[in-house]
Amino acid sequence: MTKRWKVGDRAPNATVLDIHGQPFELAQLWQTGPVMLNFLRHFG
Amino acid sequence: MEQHTEQITSAGLRIAAVGLGEPKHAQRYCGSLAPSIACYANKTKEAYKAFGLDRGNLLQLMGPQVFAAGARAIARGYTQREITGDALMLGGVFVIDQEGIIRYAHYDAHAGDHPDFAEVLRAVKDWKDARNTA
């Protein structure tokens, strides 16, 4: 079982790929303002 | 999610989505289904694991709630396309502020589960109210 995060916790970071295949740090998303981050079950 | 974009952005949030698959799948999803959302691909599931997301069990993936949610989605005109990545994985939604603090967290209880966007917006309002009075 992986750790579940709750309100007030510091968000973890992880590297994903952008639509061009370049590595992207998720933490960059919230550095410029609040973000709603959705983890999809799949694309489609 | 796309149908809630205006409400969410009006609340001051940008929207991003991570999906299981290749960058080409993210590009297709953003291009056709969710053009206003920044999409990223994570085939390795590293980001899912980092955020505490896991694979579902049989009941979470094929239980009656999942079929009911599927029927509602079809009624709204949604049609299932090719499944990319790991079909057993469950999703989730997080609101994260500029300091990197989680202000809302939702872990899908089953494959057809989605957050109540009114609840997301309430959480954002509560957080902003608390910040403004601090």
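View 1. Strand β1 (residues 14-19) of chain B pairs in the parallel sense with strand β2 (residues 38-41) of chain B, over four bridges. Strands count as paired here if DSSP finds at least two bridges between them. V18(B) has Y40(B) as its bridge partner in β2(B). To get from β1(B) to β2(B), the chain passes through helix α2 (residues 23-33) of chain B, and this β-α-β crossover is right-handed. Right-handed means that, with the strands pointing away from the viewer, the path from the first strand over the helix to the second runs clockwise. Helices (H or I, at least four residues) and strands (E, at least two) are DSSP runs, numbered from the N terminus.

A word on the model and its labels: this is a predicted model, in which local features need pLDDT of at least 70 and side-chain atom pairs count only at pLDDT 80 or more, while totals for chains, interfaces and linings use all residues. Residues are numbered from 1 along each chain as its sequence is written, and chains are lettered from A and ligands numbered from 1 in the order in which they are written.

**View 2. Chain A on its own.** Chain A has one helix and three strands, and along the sequence they follow the pattern β-β-α-β. Its C-alpha trace spans about 35 × 30 × 15 Å along the principal axes. Of the 44 residues in chain A, 41% are buried, meaning that 20 or more other C-beta atoms, placed from the backbone, lie within 10 Å of a residue's own.

**View 3. β3(A) pairs with two strands of chain B.** With β1(B), β3(A) pairs in the parallel sense over five bridges; here L37(A) stands opposite A16(B). β3(A) is also joined by five bridges to strand β3 (residues 92-96) of chain B, and these two run antiparallel. In β3(B), V93(B) is the bridge partner of N38(A), and I96(B) stands opposite V35(A).

**View 4. The two faces of β3(A).** Side chains in a regular strand alternate between the two faces of the sheet. V35(A), L37(A) and F39(A) point one way from β3(A), with M36(A) and N38(A) pointing the other way. Five of the five residues in β3(A) are buried.

**View 5. Where chain A touches chain B.** Here 38 residues of chain A are in contact with 58 residues of chain B; contact means C-beta atoms, placed from the backbone, within 7 Å. β1 (15-17), α1 (27-31) and β3 (35-39) of chain A each give two or more residues to this side of chain A. β3(A) gives the most, with five residues.

Notes. Two residues are in contact if their C-beta atoms, placed from the backbone, lie within 7 Å. A residue is buried if 20 or more other C-beta atoms lie within 10 Å of its own, exposed if 12 or fewer, and partly exposed in between; C-beta atoms are placed from the backbone.
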